[in-house]
Amino acid sequence: MFVLMSISIVVLSLLYALLKSGQSKSLGLIVLFSFSLYAVDLTSIYMLGHPSNSALIYNALYFDEVNGIDIIVESAIFYLTFLILVSLFIFVLRKVISNFGVNRSASKRYFLILFLATLSLSPFVWETYSFFNVSTNQITLSKELSNKASNAKGHPQGESKNVIFIFAESLEGTYLDDPRYVDYFRELKSWEDNSVSFDNVRQIEGGSWTIAGMVSSLCGIPLTHPSGGNTLGSVEEFYPGANCLGDILSDYGYDLTFLQNSSLDFSGIRAFYSQHGFKNLLGSKYLKDKYPEAASHYWGVYDDTLLNDALTNIREINPDSKFGYFIATIDSHFPDGYVSSTCSTNEYSVDVPPIVKAASCSSSLIANFISEIRSEARFDDTIIVVASDHFGMGTAAKALWETEQRRQLFFINYPQGTEVSNNENSGSQLDIASTVMSTLGFNEKIGLGVDLQKDVPSLAQDKNIEVVLQNNKALFMSLWDFPNISKGESVNFDNGIVEIGSKVFKAPVLLSISENFEIIPYYKDDESSLLRAVTEFRDEDAFVIYDHCDVLNNTFDDEVRTEGFCFAFGKLSNEVNVFKEEDKNSLTFSQVEQSLLGAADAKKLASIKEELGVEGLLSSQQRWMLSNVPAHSLVYLEDEIYLPFHNKEEVKEQIERFYNIEVIKIPTSSQSHYSLSTTVHKNDIDNDLFLTRDVAKKNKFDHDRKWYDPIRSYFKDLREKVDSGYRNSDKVSVVFFELVDPTANIKAPSYLEKIPEMERYIAHAGGGIDGHHYTNSMEALNESYRQGLRYFEIDLLETSDHRLVAAHEWKEWAKKVDYSGDIPPRYDDFMSKKMHGKYTPLSLEDLNTWFESHPDAFLVTDKVNSPKKVLEVFEFKDRLVMELFTVEALEEATELGIFSPMPSWVTYLHLNKDVERLKSLGVKHLALSTTDIKSNINEMLELKENGIKTFLFNINVNNADGEIGIACNHLNFAYGMYVDSVDFVQEACL
């Protein structure tokens, strides 16, 4: 086809040049049309590796649904480049042959014949006809879909086999075919060549990320949910109506295990497998507990640890049992993957991309695993399935195979000497489960899949499969069994849980309520994604957003709510109200019905959609700030806004237009976000874009005076300074104003009740004694305990002879004890000196004795970063909280089982603010300075939501109100604080 098109292009160009078609407008249009058809087909070859088909057309028509904008842009560039080059070619031809005599009438006949051939040869013409013909006929799949409701049962075909199933993360079959890299995958390629390999299996749109690929491959249906993506970690029921491979094998008596080296709670993995036949679920926590010395990365332990553990476990399975052991690797995850130490001796050429190295290593480990299994005769009744969960993701994978036809990896390995073949039948992920079931000896159809080993056409043979699946989206959605609210029922809210009949949803969640009272859940992707989702609802739909109260601030009303759960309920076109759960904890059917029947206000609807469309990009603090600054302002916001990468400029302009402000762009490390900043260029200094500082006191701007006069004068001086002393700098950072977030300063009665809770306070350096701080002494411990404190921070330093003792800083200690020797001192020298001449020094052995006699006390350490060294002396690890300063120390503390590894804020940043990672490490407390509050409120609230208690230190830094000020103003989002005394707890927050 490509050769025919190339010949046609040359001949058409020649004939057109001979005819001097510039004299014939109609002929010129015919040529343009012909070349346009060729351009479309060549563009498809360039982008997709084959002539135009439904994938190109589908991406063009539905790019907003399949994120195909990049394909459209690149295709357009190639398309226009091709037409320009052909036009230049014709221009040159005409110049060359202009002096030759030609038979134009004959040329015209040949031209018209070739033009008609163009129409008949063009794949684009036939694909367009087929695409819209299918779209019009709306193929229905309900009769083809196998699901739990059908309760269909197959029958074993003789003796059934066991199965080991490996999902290889992003390890598509294209890696094994690429001549550039095939040598790096030779071990796995060898196993594929000695198996039944399926070489024409495609990825579907509803299977293009891990959980989606698993669902598509095991259930024979695309993952379809209104939330989409990886938001499904909050679902209580995962595709309850779907009948998947695990359900059927479990019904046949198989003992099923799923093992992966990342978190089971990510994206709904745990819910999916546990609710579809799997009894044993093992994830990163299991592996890290079992192998505490194993190396790990962002997602979990490396694939070598995973596969070695799987091999050990499989060997321990009762040989008489029927089992299915499913494994999911992770090291080849985009963008660059992770190469385990097992592959440290592998050699690669210098130009091999990191992701190829990681995929190569993972493939080698999988191949070695298969070799181990096949070396044991006891597994001769076991098949091994290897399948990629989805194609490689990100720009790196796209760059590798920009012009190639990509394929899923899928092969089934039998015991040695049996069943080796290449299967070329067209299929997709939807066919994997049915093919595996047939191989195991069962006659079962799973979902929409077919057995690719039989002469049964797969849905993937329909070139318009994506359109067919899109047109049947409602069918797949029905398998979620979403509830309806009926008369007499109610929507009940209880401490983060929504109950509707027998269905349960966890906050944060958005529930849409349609005219027929069907309820569909949406789960949170980022802090404000639920607000954005509401703007996409139909005008007649009602909704409920159930989340922490502070998240709903500055949305549907101006009231500030600071703790607990709240819900917003109503209809955008009519009325929306926000309720605190403690004031209202249910919605009756009649209230829902009344909201649905409420008259629509088109003007109000348009206004609130615009507002939510913007505010859904911002955190609650950002929303509050932007609604309280004057127009034409540069703003100060330290947190990133949620800007989608492909249209961030449009979103930035939307925010600026809505709030009438100027957003200064500062690229961040993620490239997909912009920060809002105070950075200002020198040529902006003359502009009247500055704000009064009085807002910090008044919480509003004084428009009755020319507030900008003193600031203008200030910036005039600043400009002169910049011009004279900083000529090499092109910008100056200035905080133009301060806005005090009401959620950070409200003094609500509910917090007065919490001030006396002693577990909120940690005795700083043992606590204050006689007006002295940082004594770390026996007397300080006793006095703090008498006051009711039960958490005691002690600074631990190491003496020159390697003993741990209680001291804050050696130079400070030497001054306070009048010591003039070398520091650090020897242990005996330290113990012989009393702080301020009267306070008893403490060794770690002394602390062990003191805490033994105070069984309700907890030790909180600072300075020391070695849990193992502390536990060599301190015996009460169930009452030990250690502030730690490296990720390695956190992991060590977790492995040793101390009560609470407490990361410093810097350590939290080194973990990329990954709260799930903190939880997996057993973190219960986290320490940060009061100076970090302003720029980290959102993170502190997220930690609070996840049950991690933040404690503030540096109490008196930039804080004139002392401990009472921190307790009253900041214990609404921080849990507690370091204190020298708790005398202030009797005071009131006024």
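Visitor: Is the crossing in which α9 passes α15 left-handed or right-handed?
Guide: In this predicted model, α9 passes α15 in a left-handed crossing.

Visitor: At what angle do the axes of those two helices cross?
Guide: The axes of α9 (residues 186-193) and α15 (residues 354-374) cross at roughly 50°. They come within 7 Å of each other. Angles between 35 and 65 degrees count as oblique, and α9 and α15 are therefore oblique to each other.

Visitor: Turning to cavities, how many of 30 Å³ or more are there?
Guide: The count comes to seven cavities of 30 Å³ or more. The largest cavity has a volume of about 110 Å³.

Visitor: Which residues lie nearest the centre of the largest cavity?
Guide: Those are E237, W480, F482, F505 and Y523, out of 13 residues that line the largest cavity. β13 gives the most, with three residues.

Visitor: How does the lining of the largest cavity divide by class?
Guide: The lining has eight nonpolar residues, four charged residues and one polar residue.

Visitor: Back to β13: what is the strand order of its open sheet?
Guide: The open sheet has four strands in the order β13-β12-β11-β19, and the pairing is antiparallel. β13 and β19 (586-588) are the edge strands, each pairing on one side only. From one strand to the next, the twist averages 15°.

Visitor: How many bridges join β11 to β19?
Guide: Three bridges join β11 (residues 490-494) to β19, and the two strands run antiparallel. For N492, the bridge partner in β19 is S586.

Visitor: What holds paired strands together in general?
Guide: Strands of a sheet pair through backbone hydrogen bonds, either parallel or antiparallel.

Visitor: New topic, the backbone: is the peptide bond joining A507 and P508 cis or trans?
Guide: The bond joining A507 and P508 is cis, with omega about 0°. P508 is found in the loop between β13 and β14 (509-513). The peptide bond from I823 to P824 is also cis, with omega near 0°. P824 has its place in the loop between α29 (810-817) and α30 (827-831).

Visitor: And Y774, is its phi positive or negative?
Guide: Phi of Y774 is positive, near 60°, in a residue other than glycine. Y774 is found in the loop between β26 (761-763) and α28 (778-787).

Key:
Residues numbered from 1 in each chain as written. Predicted model: local features only at pLDDT ≥ 70, side-chain atom pairs only at ≥ 80, totals over all residues. Heavy atoms only, no water. 1 Å grid on protein atoms, 1.4 Å probe; cavity = no way out; pocket = protein on both sides within 12 Å on 5 of 7 lines; lining within 4 Å. Points joined across faces, edges and corners; volume = space filled by probe spheres on them. Nonpolar A, V, L, I, M, F, W, Y, C, P; charged D, E, K, R; others polar. Pairing = 2+ DSSP bridges. Axes fitted to C-alpha atoms, helices over the stretch in contact; angles between N-to-C directions. Parallel < 35°, antiparallel > 145°, perpendicular 65-115°, else oblique. Left-handed = near helix turned anticlockwise from the far one by under 90°.
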